[in-house]
Amino acid sequence: MNQSNRIYLFDTTLRDGAQTQGVDFTVADKAAIARELDRLGIDYIEGGWPGANPTDDRFFAEPPAFQNAKFVAFGMTRRAGRSAANDPGLAAILQTKARNVCMVGKTWDFHVDVALEVDRAEYLEMISDSLAYAKSRMEEVMFDAEHFFDGYKANPDYAMACLGAAEKAGARWLVLCDTNGGTLPHEVERIVGEVTRKIPGDRIGIHTHNDTENAVANTLAAVRAGARQVQGTINGLGERCGNANMIALIPNLVLKMGFDTGLKPNAMQRLTHLSRLLDDRLNVVPNRSAAYVGTRAFAHKGGLHVSAVEKDPKTYEHVDPEVVGNQRIIVVSDQAGRSNIMARFRQIGLEVDPKDPGVARLLETVKEREAEGYAYDGADASFELLARHELHTVPDYFALQSFRVLAERRVNARGQLIALSEATVKLDVAGRRAMEVGEGNGPVNALDAALRKALIPVYPELEDMRLVDFKVRILDSAGGSAATTRVMIESADTKSRWSTIGVSPNIVDASYNALYDAITYKLFRDGATPARPA
């Protein structure tokens, strides 16, 4: 077994990740993600399948300029009955600006017999011909051994014969794929170990799927057994249950197992940024519980935990959050003690004497408000504003006089049934009364539009602010139309995200409360000066 400490990272977000249900990358998305992966120092970036769709064709026609990574095209071996030189699919992947190719081929006899309906001996020739032809035209050729683990368990001799054909044809990497995602870590480690006793580990890669929630574990097991290339996707994107999550693999390999990945200095500090960049591109809410990079990954709520973390973070943190570009969060809730409050003060830069009566008042206020339905453990921005208001450090940027929201459901001129909302707000801002009307596809959207119309001329800092998530929860156990409503809003700008909360028997009023906090937090954080009368 090869004992090299170097692990080669192969990212397939733009190819295998693009097969995720609901994901539809644009060329611009692909370019932005590829540039960020290259910046980190990823060894291989698989851009897609040339000839499979117009987006991939355009991306391969004008790819970004890579400084570190090898740009890889994906495709399959030649068809039965055609020579490699006369296969249109093979030609498409060899005629792009990518000078490296990863070719997929079956290694499970069941697939060869049933899916391809090809003679097994002939299929070995198809693998050999295709890779040898590609090798003569490309800088580097890799072989994705599809369904390898299932194939090996069913017929190890044939699965190994497929690898042997690819190896003889000049494949740099032989990538063992758990395509159906059903293999468990102990099986992966055993099988990869048997393979690396015949083929050096520095020729073996691993590609796993997450159908048993074991993709990362299976990849690490393969590395333990000698594999030295790992394939994965950002945030575990991929078909069905996804692929091995590269965001978790990298710190596990480096911090936990001590491998050299060839990443650029400080690259791991950009992992959280990379994870959220993908989510922003896909317009999805980040997984707060994601290992290493989720907002909950280093969040501490219990008073006992917070007290210990204040003394030494290693008491409840397995790594320093800054190593992966994340941050520690001290959660304040009705379970919080004084240590939580003081720790949160330090995080937001508030210098407060622990004996200040305001600390005790704030703690009681938090507990009273959470009894009413507020939940500050998920709304850090609203808590910070509450704390600063208690200490009189937040100015009033504007004052609401009234708002009115109307909802209309009608048939438009095209005969389509539509629902529109209209909001009117009256505010005191900069010493004058402002009244604006906004429309939206819902009452909160309309209210937000009206507030922006009134405030952006006075506070241009709000231009880049946007709402990215909106959650509503009915709190009263009795339910019904009179139940108390909690609204959580997540906002973002070009620098960060923040969460705010509003509670009221009226959903629109609760939404306004959360919007008010979101806008005020943005203005305060950006150092906006309260507008004065002209």
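I started on the surface, where Phe470, Val472, Ile474 and Ile507 form a nonpolar patch with about 320 Å² of accessible area together. This is a predicted model, so I kept to pLDDT of at least 70 for local features and 80 or more for side-chain atom pairs, while totals for chains, interfaces and linings use all residues. Numbering runs from 1 along each chain as its sequence is written, and side-chain values use heavy atoms, with hydrogens and water left out.

For the patch I took residues with over 30% relative accessible area and no salt bridge, joining nonpolar side chains (Val, Leu, Ile, Met, Phe, Trp, Tyr) within 5 Å and like charges within 9 Å. A salt bridge here is a Lys or Arg side-chain nitrogen within 4 Å of an Asp or Glu carboxyl oxygen. Areas are Shrake-Rupley with a 1.4 Å probe, and for residues only the protein chains shown count as cover.

Strand β14 (residues 466-474) gives the most to the patch, with 3 residues. I took strands (E, at least two residues) and helices (H or I, at least four) as DSSP runs, numbered from the N terminus. Phe470 lies in β14 and counts as partly exposed because its relative accessibility is 35%; buried is under 20%, exposed over 50%, partly exposed in between (1.4 Å probe, protein chains only).

Next I looked up Thr77, in the loop between β3 (70-76) and α3 (88-94). Thr77 has 3% relative accessibility, so it counts as buried. Beyond neighbours within four places in sequence, its contacts include Met103, Tyr123 and Leu131 (heavy atoms within 4.5 Å).
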